[in-house]
Amino acid sequence: MSVRPGPQPLNLFVSYLDLLKLASPEAIIVLIALAVLTIGLTGDRSRTFPGIVAVVGIVIAIWTTMRLPQHANLFGGMLVISPLNSLFKIVCLALALATVPLAVSEKSMRNPGEYLAMLLLGTVGLLLLVGSEELLMIFIGLEVLGLSLYVMAAFDKTDARSAEAGLKYFLFGSTASAFTLFGISLVYGISGTTALNVIGLKLAMGSIPPLFAVGIVMTLIGFAFKIAAAPFHLWAPDVYQGAPIPSAAFIASGSKVAAFVVLGKIVLVGFAPAHGNAAWHSMLPGWSPILAALAALSILLGNFVALAQTNVRRLLAYSAVAHAGYTLLGLVAGGREGFSATLFYTTIYALTLIGAFAVVGIVKRETGGDDFQNFAGLASRSPFSAACMSVFMLSLAGLPPLAGFFGKFYLFSAAFRAGGNHGLLWLVVVALFGSFVSLYYYLNVLKAIFVDKNASETRHSSPGTHRFVANATIAVLAASVVLLGVLPDALAEAIAKSVP
Amino acid sequence: MIAWTIYLTFAGAVIVLLLPRAFARWIALLAATAGFVVTLVTFFRPDVDLGHFTTVVRVPWIPALGMNYHLALDGISLTLILVTGLAAISAILFSWDVSERAKEFFFWLLLVVGGSYGVFLSADLFLLFLFYELVIVPKYFLIAIFGSTNKEYGAMKLTLYSFFGGALVFLGVIAAYVAGGSFDINQLSQFQFPSQLQWWAFPVLFLGFAVLAGIWPLHTWAPTGHVAAPTAGSMLLAGIVMKLGAYAALRVAMNLFPEGFRMWRTTFAVLAVIGIVYAAAVALRQRDLKFVIGYSSVSHMGFVLLGLTTANVFGVSGAVLQMFSHGVIGALLFAVAGTMIYRRTHTRDLDALAAMNLRRALPFAAFTFVVASAASMGIPGFSGFAAEITILIGVWKAYPAAVWVVGAGMVLVAAFTLRALKRSFFDDGLGSAALSAAAPGLSAGKISESSRDGRAALAPITVPEKVGAALLMFATVAVGFYPKILLDRIQPAVEAMRFLR
C-alpha cells in the first residue's frame, strides 16, 4: 500500500473485505440512505423516524471513521486514508449531522425520506472527495455530490424559487464540471497519470508546458464554482435564497469544506511545482497568483454587494463569496501553516453558516419570510434565537471571543508570513478592508433583531418537538462557535498535526 | 489578585442575564464595586512592583501559535484600572432608573467594563487585541438600543470607526507577531524590529489605536457617539473607552516600535495639537450641551496624545495622569448633562436650558457641574490642572512652539466651558426667553412657568446620583491636591519603557 509511481497496471488483488473495511464509512452512509428511502416509500410521512435513522447512521459512520487505520492507500490514490482525510471525513459527517435536524424541522418538506436520502448520498460524495488523492475519483466525488445537491436545491416543488435555484445551480454546475473534466484531461495527457503525488513528482522534474497551465486554470474554474469565488459565484445568491433552507445550509457548509480540502490537496500536492508567486513585486505565473486574484475579487465584490442586500439569505450568499476569498488566502500562502489555516477557517465557517441558516429557518417558519423586516424584533419574540444569531453574525464578522476572530487571525498571519518580505501584504490589506466593510451589514442584521420594533406579527409558532430540535441544534452550533473561539487549540492543533 | 477585576465583571455580566430583572442593577453595582475594591487593595499594597510590567497570571492558551493567557500589572495599567472602576460604578449609579430591557443594558455595560479591564491588564498581544475588539460590539448595542438623539447613526458610526481602527491594529499586531515571533509584550519590547518594518508598522498601529482616543481627523465618531449614547454609555465612552486607545498606543505601538515612534512622533504631535485647538473651537459653537462635552473630550484627549508624543518622562506620565483625570471629569460632565439635566428637562439645547433657571431647580446638579467645569478647565486644585501642567512641562522640553498653540487652545477650553456653564445653569432666564421660544417643544408660557416654580416641576436629584457624583468629585479633587499618589506609581513604569532609553 505504498505510492506507485507511473501508470503501471493497478494492483487489483485487494481483498474485498479489506476494501469494505477501509470504505466502511461510505458503505454505511449508502446503506442508511437506502434505508431512509425505503422508510419514506412505505408511506410513513412522519418526519421524525427517518431523521432518527439518519442521525444514528451518521453517528455510526463517524465512529467507524475514527477506527480506521492511520494510513492506507488503495488503487494508486483512489481511496487514501490518512489522518487529514479521516479528520475531514468526520467534519463532513458532523456537518451532515447538523443538517439533518434542519431538514426534520422544515415544515414544507413533503417527502422527508427522499430528502434525507439525497442528503446522505450527497454526504457520500463529500466522503469520496475528501478521501481521494486521484483526479478521476475526485471528479466522481464532485459529480455524486453535485447531482444530490441539484436535487436538494430544487426539492421544494411548491416554490418556484426553489425550482429556479435548482435549475441555475444545475446549469452553472454542469458547465463548471465540464471545465474541470477538460482540465483534468489535459493534466492527464501531459503527465500520464491521475494520481496527485505522481503528477507533482513528474512536474518537478521538467519544465512546465504551457498546455499544463491551461489544464490548471480549467481545473481551478470548477473548484472556484464549488466554493463560490467571484467571478464564478453567480449561482450563489439565487440558490442560497431559493433553495429549501437545509439544502442551502448543506451547500454552504459541507460542499464548501470538501471543496477546500480537495482544492488544497490538488494545488499543494499535485500542482506544487507550478506554484508561481503572488507577492506584489515579484509576481510569477502559476496557480497562486490566480487564486490570489480570485480571493481579492471575491472579498471586494462579495462584501460590497452584500451591503445592498435586504434579504438575509442573499446577504449570507454574498458574504459567503467574501468568505471564500478569505479562505483562499491560506492556500495562496501555501505550506503547512497556510493549509491548516484554510482548513480551520472553512470548518468554523461551515458550522457558523449552518447555525445561521437554522435561525433563518425558524424565523421563516414563524413569520413567513426571511427579509430584514421579518427579523425585526426577534430579540423580544425569541431572545434565545436572537442571541444565537448574534453569535453567528459576529463570528462571521470576525469579532472575539468567537471562532471567526481566531480563524481570521490564523489565516491572515499565515498569509502575512508567507511569500518572503511580506509580499502578500497587499492581499492581507484587502482582506482586512473587506472584513471592515462586512461589519456594517452583519450589524444591520443585528440591528433588525435587537433594535427595530416588532413589525411583522408572528404567523404561527412551530410545534413543540420541531421547535425543540431546531433550538437544540442552534444551541449546540452557537456553543461550538463560542468554544472554538475561546479554546481554538483543540481543532487547530488537530488540523495542524494531520496536515502532512 | 488584580486579575479578579476581569473575572468578577464578566461573572457579573452573566449573572445579570440569568437572574430576574429586579436584581440586574444591584448585581451590576456589586460586580463593579467588587472590582474597584480589588483595585484599591492592590493600589495600597506596598509589596506590588509597579515599576515593571510584572506578570500576574500566565497560562498557555493556544500553544500551537504561541499565545498565552498572560496578565501583567504596572503603575500605568493600575492607574487606568482605577479610573475604569470609578467610571463603572458611577455609570451604574447614574443608570439606576433604567427599567426597559434592564438586563440587557447592564449586561452590555459590564461587558464594556470587563473588556477594558482586560485590555489594561493584558501582557499578551493577542489577548490585548481580543479584549480590545471585544469592547466594540457591546458599545453598539448600548447606544443603538438605549440611546437618544440619532442613536442608530451614532452607534454605527462609532462602531465602524472602532472597527476601522481595529483593522489597522490587526495588521500591526500580525506584523509584530510575524517579525518578532512572539506575542509576549515584554519579550517583544526587547526585540529589535527592522527599521523598515517599524517605519510602516508604527503609524499603522498607533493610528489604529488613536482612532479610539479621538485623534484628529478621525475624531468625528466621538461627538456623535457621545450624544447618541445613553448617559452610562457616554460616561463609559469618555471615561474608559477613549483611554483604551491611548493606553494601547503607549503600551503596544510606542513600546514595541521605538524607532518608528521617533520617525513619526512629530507628525502625530501636530495632529494632537490641531485636535486640541480645533475641537475646542468647535465646542464653542455648539448648541447641544452633550456636543459641547463631546468635543471637549476630543480636546482633552488631544492633550493625552500630545503628552505621549513628547517622548519624555514628564510628557508621558502627564498623559497617563490626564487619562485618569479626563476619565473622571468626562464621566462627571456627561452624568450631569445626560441624567441630571436631560432626563428631567428632556432637552439639552443650551438656549432652552438658559430659560429654565436650573440653578434654583437643581442646586446639586449646578454644584456638580461647577466642580466638573472647573476641573475640566484646569483650575489648580483639580486633577485636570495637575495632569495638564505635567504634560505642558514635557511639551516645553520637546516642542516649545506647541506650548503657545496649546495655550491658546486652553483659553478656548475655558471659554466654551464657561459658556456652557452659564447657559445651562446661571442664565437669568429672562433675556433668552425669546430665543428659546424657537426651541422645539417648549412654548414661552411653559418656560416661564417652569422657571417660576422649577423646583416643583423637576424631580429632585436622587441618592444614587448624588453618590455617583460625589465619588467622581472626590476623585478629581483628591488627585488634584495630591497628584503624587498617582504620579509616584506612574513614573517608574514610564521610565522603564524602552523609547525613553
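Trainee: Which residues of α3(A) are buried?

Mentor: Buried means under 20% relative accessible area, exposed means over 50%, and partly exposed lies in between (1.4 Å probe, protein chains only). In α3(A), the buried residues are A:Pro50, A:Gly51, A:Val53, A:Ala54, A:Gly57, A:Ile58, A:Ala61, A:Ile62, A:Thr64 and A:Thr65. This is a predicted model, in which local features need pLDDT of at least 70, side-chain atom pairs count only at pLDDT 80 or more, and totals for chains, interfaces and linings use all residues. Residues are numbered from 1 along each chain as its sequence is written, chains are lettered from A and ligands numbered from 1 in the order in which they are written, and side-chain values use heavy atoms, without hydrogens and water.

Trainee: What covers the buried residues of α3(A)?

Mentor: The cover includes α2, α4 (83-105) and α5 (112-130) of chain A, where helices (H or I, at least four residues) and strands (E, at least two) are DSSP runs numbered from the N terminus.

Trainee: Is A:Ser148 buried or exposed?

Mentor: A:Ser148, which lies in helix α6 (residues 135-153) of chain A, has a relative accessible area of 3%, so this residue is buried. Contact means heavy atoms within 4.5 Å, and, leaving aside neighbours within four places in sequence, A:Ser148 is in contact with A:Met118, A:Leu121 and A:Gly122.

Trainee: Why does A:Leu31 count as exposed?

Mentor: A:Leu31, in helix α2 of chain A, counts as exposed because its relative accessibility is 57%.

Trainee: How should I read strand β2 of chain B, and how many of its residues are buried?

Mentor: In a regular strand the side chains alternate between the two faces of the sheet. Strand β2 (residues 67-73) of chain B has 7 of its 7 residues buried, with B:Met67, B:Tyr69, B:Leu71 and B:Leu73 on one side and B:Asn68, B:His70 and B:Ala72 on the other.

Trainee: In what sense do strand β1 of chain B and β2(B) pair?

Mentor: Two strands pair if DSSP finds at least two bridges between them; here strand β1 (residues 54-62) of chain B and β2(B) pair in the antiparallel sense over 7 bridges, and B:Val59 stands opposite B:Tyr69. The two strands form a hairpin with 4 residues between them, and B:Gly66 in the turn has a positive phi of about 80°.

Trainee: Against what do the buried residues of α2(B) pack?

Mentor: The buried residues of α2(B), including B:Ala24, B:Ile27 and B:Phe43, pack against α1 (4-18), β2, α3 (75-94), α4 (102-121) and α24 (484-495) of chain B.
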